[in-house]
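The sequence and the structure are shown first.

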Amino acid sequence: MAQTGTISLRGRSGSQYPFNIYDFNGIWGEVPAVYVFTRVEGTTHRIIYIGQTDNLRQRLDNHHKALCISSNNANRLCVHQEGDENTRLMIETDLIRNYKTPCNS
């Protein structure tokens, strides 16, 4: 999967997290990560959904919020690889607390 750029997202705590940006569609490996679906509007990313998983391929193949993500026209997937589950959960929670997303409710 070809990376198209990088983005830094800030959690409510003030911590910054680096993400690699990819086109929405693609084939993923068994990557443990925090992931963010976004829609690019000019040079701005509108955050649609924030999640975490120990297996990105499995998670994206059967995502429980796929309809919401699609209806919000997500066109990018931002990925922060992280092997430690506790760290992934902490980052996911920190980001969700900072952003109002249409699909995390």
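## Basis of the description

Contact means heavy atoms within 4.5 Å. The model is predicted, with local features requiring pLDDT of at least 70 and side-chain atom pairs counting only at pLDDT 80 or more, whereas totals for chains, interfaces and linings use all residues. Residues are numbered from 1 along each chain as its sequence is written, and side-chain values use heavy atoms, with hydrogens and water left out.

## Surroundings of Leu60

Leu60 touches Trp28, Tyr35, Phe37 and Leu77, when residues up to four places away in sequence are not counted. Leu60 is part of helix 1, which covers residues 56-61; helices (H or I, at least four residues) and strands (E, at least two) are DSSP runs, numbered from the N terminus.

The relative accessible area of Leu60 is 22%, so Leu60 is partly exposed. On this scale, buried means under 20% relative accessible area, exposed over 50%, and partly exposed in between, with a 1.4 Å probe and protein chains only. Between Leu60 and Ile27 there are 9.2 Å in space, C-alpha to C-alpha, and the two are 33 residues apart in sequence.

## Nonpolar cores

A nonpolar core is a set of buried Ala, Val, Leu, Ile, Met, Phe, Trp, Tyr and Cys residues joined through side-chain atoms within 4.5 Å. The largest such core has 14 residues, and Phe37, Ile69 and Val79 have the most contacts inside it. Two or more residues come from each of strand 3 (33-41), strand 4 (44-53) and strand 5 (76-81). Strand 3 contributes the most, with three residues.

Beyond four places in sequence, the residues that Phe37 touches include Phe24, Ile47, Tyr49, Leu60, Ile69 and Leu77. A second, separate core has twelve residues, among them Phe19, Ile21, Ile50 and Ile91.

## Cysteines

A search of the whole structure finds one disulfide, a disulfide being a pair of cysteine sulfur atoms within 2.5 Å. Cys68 and Cys103 form this bond, with their sulfur atoms 2.0 Å apart. The disulfide is left-handed because the torsion about the S-S bond of Cys68 and Cys103 is about -90°. Cys68 lies in helix 2 (residues 66-71) and Cys103 in the segment after helix 3 (85-98), so the pair ties together parts that are 35 residues apart in sequence.

Cys68 is partly exposed, at a relative accessible area of 22%, whereas Cys103 is buried, at 0%. Cys78 is in no disulfide, and the nearest cysteine sulfur, that of Cys103, is 14 Å away. Cys78 counts as buried because its relative accessibility is 0%.
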